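Take a look at the sequence and the fold below.

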Amino acid sequence: MSASAVRAAHEIRTVVGRLRRRLRQEYDTSGLTPSQTSVLGRLDKDGDASVSELAAAERVRHQSMTSVVAVLEQRGFVVRRPDPEDGRRQLVTVTEEGRTFLADQRRAGEEWLARVCEDKLTEAERQTVLDAMALLERIYRS
């Protein structure tokens, strides 16, 4: 493997991790833990899931996920409903309030990022960032 490929992989991983942490700082999580925020985002992205499926996806114990879902339910961000294919099972679904919460958090992060890009980067540098994002998308899709 070439030295440039190894260096690029290291730099991408490092910068993406730092950027994710910084974006999380910009979000007003309104008292949600990272686990609760992660589960809410997963449900929004992937759709309804049982507590067992969420626990497996998040790699936590079923009991821990039950607690996470209970808090989200108490906040009105999710509801449980019977699984139409198996009435003994319940599915967790994001509510409109939960979707609005996530959209507000994402918007806050994007506004911060846009402001920084506007204030700290030249037009040419912003274009370079856009070109780099296209390359990162290509890596992601491979």
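## A loop residue

Arg59 sits in the loop that joins helix 3 (51-58) to helix 4 (62-74). The model is predicted. Arg59 has a positive phi of about 60°, although it is not a glycine. Most residues other than glycine have a negative phi.

Is Arg59 buried or exposed? Arg59 is exposed, because its relative accessible area is 77%, and exposed means over 50%.

## A buried valine

Now move on to Val69 in helix 4. Its relative accessibility is 1%, so Val69 counts as buried. The cut-off for buried is under 20%.

Which residues does Val69 touch, not counting those up to four places away in sequence? They are Val51, Leu54, Val78, Arg80 and Val92. Take Val92: it is 23 residues from Val69 in sequence, and their C-alpha atoms are 7.9 Å apart in space.

## Helix 5

Helix 5 covers residues 96-120. At 1.5 Å a residue, its 25 residues should span 36 Å. The end C-alpha atoms are 36 Å apart, which agrees.

Gly98, Phe101, Leu102, Gln105, Gly109 and Trp112 are buried in this helix. An α-helix has 3.6 residues a turn, so residues three or four places apart point the same way. The buried residues of helix 5 pack against helix 1 (3-26), helix 2 (34-46) and strand 2 (86-94).

## A nonpolar patch

Ile12, Val16 and Ile139 make a nonpolar surface patch of about 230 Å². Ile12 belongs to helix 1. With a relative accessible area of 32%, Ile12 is partly exposed.

Conventions: Residues are numbered from 1 along each chain as its sequence is written. This is a predicted model: local features need pLDDT of at least 70, side-chain atom pairs count only at pLDDT 80 or more; totals for chains, interfaces and linings use all residues. Side-chain values use heavy atoms; hydrogens and water are left out. Helices (H or I, at least four residues) and strands (E, at least two) are DSSP runs, numbered from the N terminus. The expected span of a helix is 1.5 Å times one less than its number of residues. Buried means under 20% relative accessible area, exposed over 50%, partly exposed in between (1.4 Å probe, protein chains only). Contact means heavy atoms within 4.5 Å. Patches are made of residues with over 30% relative accessible area and no salt bridge: like charges are joined within 9 Å, nonpolar side chains (Val, Leu, Ile, Met, Phe, Trp, Tyr) within 5 Å. Accessible areas come from the Shrake-Rupley method with a 1.4 Å probe; for residues, only the protein chains shown count as cover. A salt bridge is a side-chain nitrogen of Lys or Arg within 4 Å of a carboxyl oxygen of Asp or Glu.
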